[in-house]
Amino acid sequence: MTFFETLEQDLNLFFGNDQQDAIRHFEGPALTLAIPGSGKTTLMLARAVYLSEVHGLDPRNLLNLTFSKAAASDMAERYTTRFRPHFRQQFEFSTIHSFAYRVLGQVWKERGVRPRKLITHTRELLSAAAYHVSAARPNDDQYETLSNQIGYARNMMFAAGQLSASGLDYPEIDRISEAYEALKAKHHVMDFDDLLLAALKLLQEDAGILNRLKKRYPFVQIDEAQDTSKVQHEILKRLVYPSNNLFIVADDDQAIYGFRGASPELLMSFESQFPRGQIYHLSKNYRSRQEIIKVCADIICHNQTRYDKVLKASRDKGGKVSLLEFENYADRNAAILEHLQSTQGQSTGILFRNHLSGLSVMDTLLEAGLPFKVEAGRRTLSDHWLVRDLAAFLQLSEDPSNLEAFQRIVHKTELRIKKEILETIKLNHRGRDVFEVCLETIGRKGHYSDRIRGVQQAVGKLRRLRAVDFLETVDGELGYSGYLEFAQDNLGQSADKIRSLWFSLIAIASRFRRPEQFFERLAALDQYKPSGQDANIALSTLHASKGREFDHVILIDTLKGIFPVKEEARTEAQRLLLEEERRLFYVGVSRARESVNLMHARFGGGRHLRLSLFVTEIMESLERVRPKRPEAKPGDSLMALPDAVHITGTAHHLRFGRGEVLSLNGDAIEIMFNDKARTLSLRLCLEKGFLTFPAQ
Ligand SMILES: Nc1ncnc2c1ncn2[C@@H]1O[C@H](COP(=O)(O)OP(=O)(O)OP(=O)(O)O)[C@@H](O)[C@H]1O
């Protein structure tokens, strides 16, 4: 029986001719360029066995590399469950980082060098370096930008002192980078990027070690090679030279880590670097139903910088790609639950651009007692600056003499108190009600004192409100939304994250009567440790979903301003950024075997939310599903509005002031205010008393 006949008979795995050609590839360089779901990972596993069974290669002499820890363990698991029952070989699957760590560890041991400890979380040291340079610690978003830029520079191998000259724009990036290096040296630690740079240095400087590794690993294969960075490329190049037994598997349309310095250079330069190398193309998808493949093709054709490919489906029709629009986040979460109940026993990936988007779904699943895995970077909510602001509002409501809480929120409300006045208030406070001290300092008459009384009253009632009203009152009546806009424009906080978080908070809050219960829930979410590792429901960022597959994919928050964050593509840099985001959308949709549901709410925090550009681009290929609407309650519909309300002409909004009604479309009312036009939920604004229409 031939190798492929064994696979068919024992594993029920029928490789196509194009796949078989790639699996049979023996010596010399090869690039398998393929579409999603075309069996890249599967054929890499089959080739490992083929090399051993047919060519007698010792499994220990094959280095199998992939991009992330999750992908490496996924590969190991697929091998164990599918191939291992029929073949005796045991292979190693690792990331290039863990390979580098192993090599370095062994060399340090041999040389008697004290090992440098690997730090997986760089925040503390990098923030300390930034503080050392500019006397300020970066906030969450600034830290993320800084960390990405430092990672980018190191993966691109920029020389020290050349970061800003190379186009990186984080303020004082060169000095921060220098301080960061000094701190790591002082503490004798290294980060993930150091691993690669140190391994490369070792291979460059020690021919003995390089030769030893070449002998140990005469064959190398690498999956997801579209995300290989320059430094990784340099390591691989040295390792395989001169036999060049390098088998690369990649899809340039799934390159999603450009922001960290990954570049498809290895693919783009393959032909010039290996003139006698083989290129294999796989264009048949074995994963998804035809309808899903069609949508994938419709998505990716909007990108210009790519190898052109044909996407063929091998499976039949019968799949679905649907667009579901809900009134609010609570309705959307209810629909997710319904979906999960109706697809029990099948796997579902709930995917999102930003892990903050997943919070309210996590809350819903926990509440329903459904086990799930979280495959996204998590961070604690309770210490998020926005949540701490909200907690300060509540503390001040409970205790108006709480000066610390007052100081935290004073510049985030309508109060607009000058610095000198705040200093006087602090001096005169002496444990008294801060608002009374304000009035005493400023005077009890006039327009300004009215404003203080307004804020005092609004803060005073917060503790008695339902949790969701608490949030909406802080946001609207107290003017916190103005601060959030300011934070986006001036403090480097990213708008998409603020939106994702705010909408998640509103959805969570809508389930609780009291604000304190809402805060307790956030603390409980922080404590949650996924125990259901076998669960077939996974919550994941789109980045972490790479290489995975699910029967069903639910993609949430495909909204303007969230995914992609920016739609402009006027400059080349903007266009490339937008294309990387579109590839992320493509990765997400192509994870599905049977169905994709794009689910979003039309309203979040009282604001009308617009669809993502990526969804509008493929609108014609989507099936628009009208979700079942909850029974209408009196006051829900426009018909039930009081007669005296005229939905034309002038409107008055509690926070935005006077405006002219521009249009009314269902529940979405567009009003031109002083600063700009805003689209709001009419029903919600009326219910909350935010909007009034002076009778004409
Ligand atoms: N010849 C085949 N016949 C039937 N099923 C196949 C075949 N090749 C691969 N598959 C199945 O198709 C699915 C996708 O395969 P795999 O994950 O290896 O693709 P991939 O190209 O690595 O995907 P991606 O790049 O999207 O992560 C898997 O469920 C795999 O078992």
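The centres of domain 2 and domain 4 are separated by 34 Å, taken over C-alpha atoms. Those domains belong to an assignment of five: domain 1 (3-101 + 207-282), domain 2 (121-190), domain 3 (296-372 + 530-625), domain 4 (385-502) and domain 5 (638-692). The bounds come from an automatic or database domain assignment.

A word on the model. It is predicted: local features need pLDDT of at least 70, side-chain atom pairs count only at pLDDT 80 or more, and totals for chains, interfaces and linings use all residues. Residue numbers start from 1 along each chain as its sequence is written.

Now the ligand. Which residues come nearest to it? Pro 36, Gly 39, Lys 40, Thr 42 and Tyr 286 do, out of 20 residues around the ligand. Near here means that a residue's C-beta atom, placed from the backbone, lies within 6 Å of the molecule. By class, that shell has six nonpolar, ten polar and four charged residues. For the classes, Ala, Val, Leu, Ile, Met, Phe, Trp, Tyr, Cys and Pro count as nonpolar, Asp, Glu, Lys and Arg as charged, and the others, Gly among them, as polar. Domain 1 and domain 3 each supply at least three residues of the shell. Helix α3 (residues 40-55) gives the largest share, three residues. Helices are DSSP runs of H or I with at least four residues, strands are runs of E with at least two, and both are numbered from the N terminus.

Stay with α3. Two packed helices are described by the angle between their axes and the distance between the axes. Helix α2 (residues 17-24) packs on α3 at an angle of about 45°, and the axes are 8 Å apart. Axes are lines fitted to C-alpha atoms, for helices over the stretch in contact, with angles from 0 to 180 degrees between N-to-C directions. So α2 and α3 are oblique to each other. The cut-offs: under 35 degrees is roughly parallel, over 145 roughly antiparallel, 65 to 115 roughly perpendicular, and the rest oblique. From α2, the contact uses Gln 19, Ala 22, Ile 23 and Arg 24; from α3, Leu 43, Ala 46, Arg 47 and Tyr 50. In contact means C-beta atoms, placed from the backbone, within 7 Å. Five of the contact residues are nonpolar, one is polar and two are charged.

Next pair. Helix α17 (residues 385-398) meets helix α21 (residues 447-462) at about 95°, with axes 7 Å apart. α17 is therefore roughly perpendicular to α21. Phe 393, Leu 394, Leu 396 and Ser 397 of α17 touch Val 459, Gly 460 and Leu 462 of α21. That contact has five nonpolar, two polar and no charged residues.

Third pair. Helix α15 (residues 329-342) and helix α24 (residues 495-509) pack at about 75°, with axes 9 Å apart. So α15 is roughly perpendicular to α24. Tyr 329, Ala 330 and Asn 333 of α15 make the contact with Phe 503, Ile 506 and Ala 507 of α24.

Last, the backbone. Most residues other than glycine have a negative phi, and most peptide bonds are trans. Where does Glu 172 sit? Glu 172 is in the loop between α7 (140-155) and α8 (173-187). Its phi is positive, about 60°, although Glu 172 is not a glycine. The peptide bond from Tyr 241 to Pro 242 is cis, omega near 0°. Pro 242 falls in the loop between α11 (230-240) and β7 (246-250). From Phe 563 to Pro 564 the bond is cis too, with omega near 0°.

Notes. Two residues are in contact if their C-beta atoms, placed from the backbone, lie within 7 Å.
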